[in-house]
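Please open the structure in your viewer and keep the selection tool at hand. This short tour moves from one selection to the next and says what is there.

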Amino acid sequence: MTAGFSAVALPALQSLNHDPVLDDEDASWVAALTAIGAPVGSLLMGPMLEKLGRKWTLIVTNMPAVIGWVFVVTAFQPIFIPLLYLGRLLTGLAAGLVSPPAVVYCGEVVDKGMRGVVVTFPSIGVISWNGVCLHAGCNIERKLAHGGGNIFSSSIPIISMIVVWFMVPESPVWLASRGRTEAAEASMRAVRNLGPEDKLPEEVQEELDCMIETKNNKDNTHKDTWKDTLRFLKRPEAYKPLIIMNAFFFFQQFTGILVVMMYTVNIVQDIGLDFDGYLATVIIGATRFVMSVAISYASKTQGRRVLCTLSGVGMTLSMTTLAAFLSLTRDGVIGRGELSWIPVIALVIFILSSTVGFYNLPFAMLGEVFPTRIKGSAVGFSMFMASLYFFVAVKIFPALKDTFEYNNVFTFYAVMCLAGTLTMYKFLPETHGKTLQEVEDS
């Protein structure tokens with residue numbers, strides 16, 4: 001909902017009916033401030049994962065979201081804009097904190113046969129709540145984003161904390177790494193739906209033994225310092241996934257996925273389409289949700305590389321279509337009136353295609369590709385860089401479209417889609433059907 005807020009709230013905040021009226025610079029900060037908070041959260045997340053564990057990290061990370069939404073809900077004159085900025089900064093901090101622990105947790109507790117499905121659930125959750133926010137935005141011009149909708153938004157983190165507290169067991173991987181063998185076994189039984197007296201299946205027992213062996217090996221060596229971590233990063237199994245995942249996040253942001261999601265209404269209105277911009281956000285949100293669920297289950301049989309390639313091809317074709325349409329209409333070759341459905345369909349297909357791979361997979365694979373020894377730090381650093389890419393991409397978009405016009409900006413995104421597709425086709429590792437240890441060994 002943090003990301004969905006910008007897509008539907010900015011046009012209303014910039015309308016003449018709102019006091020104060022936000023200009024383009026203010027609006028770009030409302031969209032981008034979440035990306036400033038997110039890198040800070042990403043850096044804090046690594047140590048929190050190691051010190052507090054996965055469960056407590058998930059609980060604690062919801063607190064900034066509650067406070068942030070309260071600021072957004074209660075923003076008032078004459079300090080409306082500062083309170084709105086502060087609220088967006090805190091919700092961004094929470095976004096940077098909460099996503100990686102969820103992905104890491106899913107990657108650690110689920111067996112390899114279902115991991116490809118379950119690690120996409122956090123992204124589906126994000127898309128679902130963004131969809132709720134986008135649907136609420138249909139009436140946002142008449143009932144601004146504040147009030148009931150944002151009060152509802154602030155209640156979601158509270159509900160999440162309660163659910164995690166009572167229903168989510170700690171990760172067996174983390175418990176084993178702390179020498180709590182019995183607790184790790186109990187957690188493994190809980191997440192695999194096994195009773196306390198049931199015999200552990202051979203595969204589950206092997207996973208548990210591997211966790212304990214990793215802990216014993218770690219005990220036989222001295223505690224890693226930051227210098228040891230840097231030395232470990234010189235090893236291929238450490239630096240290769242780090243470079244690949246950061247490249248994946250770079251292309252995720254600079255292909256325009258989040259830009260389109262956060263500026264949907266503005267884009268539809270600015271390019272002069274005879275189409276309701278708010279309706280376009282709802283259509284995009286609905287297609288993202290349906291596609292995310294479908295791809296989640298497709299991940300059970302299809303590898304990451306296949307989904308990534310399909311996603312990249314679809315994004316490249318749809319963004320090229322959109323850029324070509326805007327160039328031709330600008331030059332007067334074709335008219336927009338009767339063909340206004342073409343860019344709308346192109347936008348929907350672009351977002352739908354991104355959901356197949358480039359939007360979901362980077363987050364899903366964070367819990368799979370890094371060695372346990374550096375997982376917390378590597379995930380935190382990757383999310384830090386992803387947040388920086390996000391901030392730059394979202395913050396500069398208004399200036400880019402004013403300077404170079406939409407057709408040229410979308411042409412750039414199309415080129416980045418093609419470059420990202422070719423790069424990931426060449427270097428993205430396959431994790432489908434492998435245990436975490438097998439992924440690390442490969």
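Helices here are DSSP runs of H or I with at least four residues, numbered from the N terminus. What you have open is a predicted model, and with that in mind the tour can begin with the helix that runs over residues 375–427, which is α20.

Within α20, select Glu405, whose place is in this helix, and look at its backbone: phi is positive, about 70°, although Glu405 is not a glycine. Glu405 has a relative accessibility of 39%, and it therefore counts as partly exposed, since that class lies between under 20% for buried and over 50% for exposed.

Next, select Asn193, which you will find in the loop between α10 (181–191) and α11 (202–219). Asn193 also has a positive phi, near 60°, and is a residue other than glycine. With a relative accessible area of 71%, Asn193 is exposed, because exposed means over 50%.

For the last stop, select helix α13 (residues 236–254) together with helix α19 (residues 361–369), which pack with their axes 10 Å apart and at an angle of about 170°. Which way do α13 and α19 run relative to each other, roughly parallel or roughly antiparallel? They are roughly antiparallel, because angles over 145 degrees are counted in that class.

Now show the side chains where the two helices meet: Pro241, Met245, Phe248, Phe249 and Gln252 in α13 are in contact with Leu361, Pro362, Phe363, Met365, Leu366 and Val369 in α19. Of the residues in this contact of α13 with α19, 10 are nonpolar, one is polar and none is charged.

Definitions and conventions:
Residues numbered from 1 in each chain as written. Predicted model: local features only at pLDDT ≥ 70, side-chain atom pairs only at ≥ 80, totals over all residues. Heavy atoms only, no water. Buried < 20%, exposed > 50% of the residue type's maximum accessible area, 1.4 Å probe, protein only. Axes fitted to C-alpha atoms, helices over the stretch in contact; angles between N-to-C directions. Parallel < 35°, antiparallel > 145°, perpendicular 65-115°, else oblique. Contact = heavy atoms within 4.5 Å. Nonpolar A, V, L, I, M, F, W, Y, C, P; charged D, E, K, R; others polar.
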